[in-house]
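Colleague: I would like to go through this model feature by feature. Please give me the general idea each time, then the case at hand.

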Amino acid sequence: MLENRVKYSYITPLMYRIFFRFYFDVTRYNAVFCIVYFLVMKNMLGAFLIFGIFGNVGAFLIYKYFQDVEYYFYLNWGLSKRFLIIRTFSINLILSIIIIVVLWCIS
Amino acid sequence: MVHKLIIDSLSHSFGKKAVLSNVHLEIATGNITGILGRNGSGKTTLFKTVIGTLKPSSLHAYLDGEIIQNNTDLYRFIGFHPQEIILPQGVLVSKLITMYILNGDDQNKIFYAPGVYDMQSKRVYQLSHGQQRYLQFLLILNLKHSFIFLDEPFSMVEPIYRSFIKDKLVEYKNDKGIIITDHYYLDILDVSDKIYLIKNGEISPINKPEDLISNGYLADKSILF
């Protein structure tokens, strides 16, 4: 019985409703880094590189500083801190790679 | 069906200071277990080591008689209400309830709980600290988990909400195994079926309120009533 309960308690599509709350909370900080970099450097490719990599790191640090305890909100839904960070990082990295490739093809 | 969670040989230390030493605790659905202890005695550490956000020196956990091989999976069976507010601040309360609780009947239990009607159209940050704690308590109590750990649910909550919380605990205890800790010891004594005291890293049962005095948790008998 325990095995079944553990198996069924892994990430389900419904959990993504909760996950995207975290995703948007973190990514808004990342978007600010990305926009500020673009406004200062006038470099769109660099801005999306920031969005995919360094902005994520900064966003997680800001989230940790101001909202660290909110990780428990997600943990109660079975979403560990590791899952939240890896999945957010992956989505932003893939998004930025797609956009960079599109921009590179256009230019 | 009654579910039983057994925490055995739980030890944890911060550096050389042993905070929890060989703790054994059994929690069953249908029971409220109160844990008392002075500041720094290890109440919160006990919760955090069990749900896995702190790594224990040793821990064996059994659920319904079966050993849980990977202790880091324990959080999947336990709803945890920490001392702090964990709710995302910018979300509308009504949206938060429907997002966090899937079942319509369970959502209604929160929407129709005393005091919630006035909160529904507000965002979390617009609520008072006490209202946020009360809402957080209701959300976590209505999760599907069989076991709920409540860390100081009565703290910073006004008396009327404290009585709502006590009523809800009694209402939900048939389906859930609840561990509760707080410095509002009279409320804990009121709702709990079993009481334990953590002292010097060890946990011991309290059979009568006077034991709290003999164990140095309370100064004198007059504050027991």
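Colleague: Which residues of H2(A) are buried?

Modeller: The model is predicted, so local features are read only where pLDDT is at least 70. In H2(A), the buried positions are Arg21(A), Phe22(A), Asp25(A), Val26(A), Thr27(A), Asn30(A), Cys34(A) and Tyr37(A).

Colleague: What do the buried residues of H2(A) pack against?

Modeller: Within chain A they pack against helix H3 (44–67), helix H4 (71–75) and helix H5 (81–106), and from chain B helix H2 (93–100) joins in.

Colleague: How does the length of helix H2 of chain A agree with its residue count?

Modeller: Helix H2 of chain A covers residues 15–41, and at 1.5 Å a residue its 27 residues should span 39 Å. The end C-alpha atoms are 38 Å apart, so the two values agree.

Colleague: Where is the kink in H2(A) centred?

Modeller: The kink is centred on Thr27(A) and comes to about 25°. Thr27(A) is also one of the buried residues of this helix. Just after H2(A), Lys42(A) has a positive phi of about 55°.

Colleague: What is the secondary structure of chain A as a whole?

Modeller: Chain A has 5 helices and 0 strands, in the sequence pattern α-α-α-α-α. Of its 107 residues, 27% are buried. Among contacts in chain A with a separation of 6 or more, 79% join residues 24 or more positions apart.

Colleague: Where in chain A is confidence lowest, and where highest?

Modeller: Where pLDDT is low, the predicted coordinates should not be read in detail. The mean for chain A is 88, with 90% of its residues at 70 or more. Helix H1 (residues 2–8) of chain A has the lowest confidence, a mean of 46, and H4(A) the highest, at 95. Over residues 1–8 of chain A the pLDDT is below 50, and this stretch has 7 contacts in the model beyond near neighbours in sequence.

Colleague: Turning to chain B, what is the strand order of the open sheet?

Modeller: Strands of a sheet pair through backbone hydrogen bonds, either parallel or antiparallel. In chain B the 4 strands of the open sheet are ordered E2-E1-E4-E5, with antiparallel pairing. Strand E2 (17–28) and E5 of chain B are the edge strands, each pairing on one side only.

Colleague: How many bridges join E4(B) to E5(B)?

Modeller: There are 2 bridges between E4(B) and strand E5 (residues 66–67) of chain B, and Tyr62(B) has Ile67(B) as its bridge partner. The hairpin of these strands has 2 residues between them, and Asp64(B) takes a positive phi near 50° there. With strand E1 (residues 4–14) of chain B, E4(B) pairs over 5 bridges, and Ser11(B) stands opposite Ser58(B).

Colleague: Which side chains of strand E4 of chain B point to the buried face?

Modeller: In a regular strand the side chains alternate between the two faces of the sheet. In strand E4 (residues 58–63) of chain B, Leu59(B), Ala61(B) and Leu63(B) point to one face and are buried.

Colleague: How many residues does each chain bring to the contact?

Modeller: Chain B brings 18 residues and chain A 16. The side of chain B that touches chain A has 12 nonpolar, 1 polar and 5 charged residues.

How values were computed
Residues numbered from 1 in each chain as written. Chains lettered and ligands numbered in written order. Predicted model: local features only at pLDDT ≥ 70, side-chain atom pairs only at ≥ 80, totals over all residues. Expected span 1.5 Å × (residues − 1). Bend = angle between axes of the 7 residues up to and from the residue. Buried ≥ 20, exposed ≤ 12 C-beta atoms within 10 Å, placed from the backbone. Contact = placed C-beta atoms within 7 Å. Pairing = 2+ DSSP bridges. pLDDT = per-residue confidence, 0-100. Nonpolar A, V, L, I, M, F, W, Y, C, P; charged D, E, K, R; others polar.
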